[in-house]
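Here is a short report on helix packing. Please read it alongside the model below.

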Amino acid sequence: MHHMEMKPGVYPVGGIDWDRRLFDALIPLPDGTSYNSYLVIGGEKTALIDTVDPSMDHVLISNLDQLNIERIDYIICHHAEQDHAGSIPMVLELYPTAMVVCTPKCRDMLIDLLHLDETVFITVDDKKTLSLGDRTLEFIHTPWVHWPETMVTYLQEDRILFTCDFFGSHLAQSALYVRDECTVYESAKRYFGEIMMPFRTNIRKNMEKLKDYSIDIIAPSHGPVYDKPEFILDAYRHWAYDEPKNLVLLPYVSMHGSTKEMVDHLVRALAENGVGVRQYDLTVADPGKLAIGLVDAATVIIGTCTVLGGAHPLAANAAFLANALRPNLKFASIIGSYGWGSRAVEQITGMLTNLKLEVLEPVYIKGNPKEQDYAALDKLAHLIAQKHRESGFQ
Ligand code: FEO
């Protein structure tokens with residue numbers, strides 16, 4: 001196998017998971033993913049930066065074999081989650097003198113998750129450095145991207161920042177570096193929406209912290225490597241700092257068509273009022289697309305029919321997910337229809353408690369929509385347009 005050398009003595013040694021279609025038993029991966037691991041060979045010491053998901057440990061081993069690596073001194077562990085740390089026990093078996101370098105919090109988590117022995121660790125404080133001889137690793141604590149123990153590593157002499165999940169994307173591609181920025185942008189935004197958005201405040205703090213570093217390459221542990229790091233730094237600046245946009249998300253589920261008629265009407269009315277809108281049929285929608293929309297949206301309207309006396313479970317699932325992802329939503333409402341009675345409105349509004357938003361008067365009607373119901377939807381569309389305008393959302 002051919003190894004792409006990033007800089008002399010710096011090699012990618014991870015695995016590309018072309019066929020994986022689900023992450024965390026939750027998140028669709030339409031374009032697969034990768035578990036990037038990097039080897040840094042210094043004048044005196046050799047460091048392995050992150051490992052891979054255990055399902056691909058054979059790829060990591062084969063890549064190390066190809067490079068004839070007989071000794072690894074340090075395994076840098078940025079993050080205890082198993083898709084990066086899960087192969088540490090196997091690496092330690094093959095390279096028994098290696099030490100695991102991580103934050104103190106990460107050590108405790110690795111002991112819990114992988115049952116590693118306490119004696120294998122070197123814990124590092126924020127900004128601590130480790131010499132490989134002619135090369136220096138600097139460890140920068142970046143908590144909550146996206147677990148409490150996370151850190152990144154700056155290879156000082158080569159100005160490479162290894163960031164693990166931070167700035168990552170679920171995207172399998174054969175080339176090491178970003179080739180098509182549009183593709184990577186979508187994958188990285190999906191990743192941000194699903195993984196990073198709940199920690200937007202911490203992301204801002206960590207972005208501030210990284211400002212002082214001169215960075216030529218950002219090497220995450222998912223997706224392609226950024227040889228033009230400004231591309232992803234700029235994207236993160238928008239996603240983490242920007243005000244919401246003049247955009248409504250409308251995830252909906254309809255059994256017999258009444259709720260769908262309301263959705264269609266509201267989507268048209270919003271467009272006529274100059275509001276951007278995206279509708280998602282929850283029976284087939286990719287939750288990742290919803291997460292991407294939630295990065296930008298000012299308003300969410302949940303469209304739900306009534307089944308079993310309340311909200312449809314798919315609508316409840318969408319509301320639960322939106323609440324968990326803690327987007328920057330400012331307004332919400334509910335539209336839909338019932339036959340004889342429904343607790344849908346209370347149920348859905350009761351699920352959005354993480355979000356500091358204003359609930360606009362729902363339009364929840366009996367039976368198939370009539371003139372006055374369409375008028376209520378028009379009023380809702382008008383109110384949303386007005387609220388967005390008053391808030392200055394563009
Ligand atoms: Fe890619 Fe949080 O692990």
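The model is a predicted one.

**Helix α4**

Helix α4 spans residues 104–114. Its buried residues are C106, L110 and L114. They lie on the same side of α4, because they cover an arc of only 40 degrees around the axis. Their packing partners are α2 (82–85), α3 (88–94), β9 (99–102) and β10 (121–123).

Two packed helices are described by the angle between their axes and the distance between the axes. The table gives both values for two pairs.

| Pair | Angle | Axis distance |
|---|---|---|
| α6 (residues 200–210) and α7 (residues 230–241) | about 140 degrees | 9 Å |
| α5 (residues 181–196) and α7 | about 40 degrees | 11 Å |

Take α5 with α7, at about 40 degrees. That angle makes α5 oblique to α7. The crossing is right-handed. On the α5 side, the contact uses E181, V184, Y185, A188, K189, F192 and M196. On the α7 side, it uses F231, I232, A235, Y236, W239 and A240. By class, this contact of α5 with α7 holds 11 nonpolar, no polar and 2 charged residues.

Now α6 with α7, at about 140 degrees. These helices are therefore oblique to each other. Here α6 passes α7 in a left-handed crossing. From α6 come R200, I203, R204, M207 and E208. They meet L233, Y236, R237, W239, A240 and Y241 of α7. The contact of α6 with α7 divides into 7 nonpolar, no polar and 4 charged residues.

Definitions and conventions:
Residues numbered from 1 in each chain as written. Predicted model: local features only at pLDDT ≥ 70, side-chain atom pairs only at ≥ 80, totals over all residues. Heavy atoms only, no water. Buried < 20%, exposed > 50% of the residue type's maximum accessible area, 1.4 Å probe, protein only. Helix = DSSP H or I, 4+ residues; strand = E, 2+ residues; numbered from the N terminus. Arc of directions from axis to C-beta. Contact = heavy atoms within 4.5 Å. Axes fitted to C-alpha atoms, helices over the stretch in contact; angles between N-to-C directions. Parallel < 35°, antiparallel > 145°, perpendicular 65-115°, else oblique. Left-handed = near helix turned anticlockwise from the far one by under 90°. Nonpolar A, V, L, I, M, F, W, Y, C, P; charged D, E, K, R; others polar.
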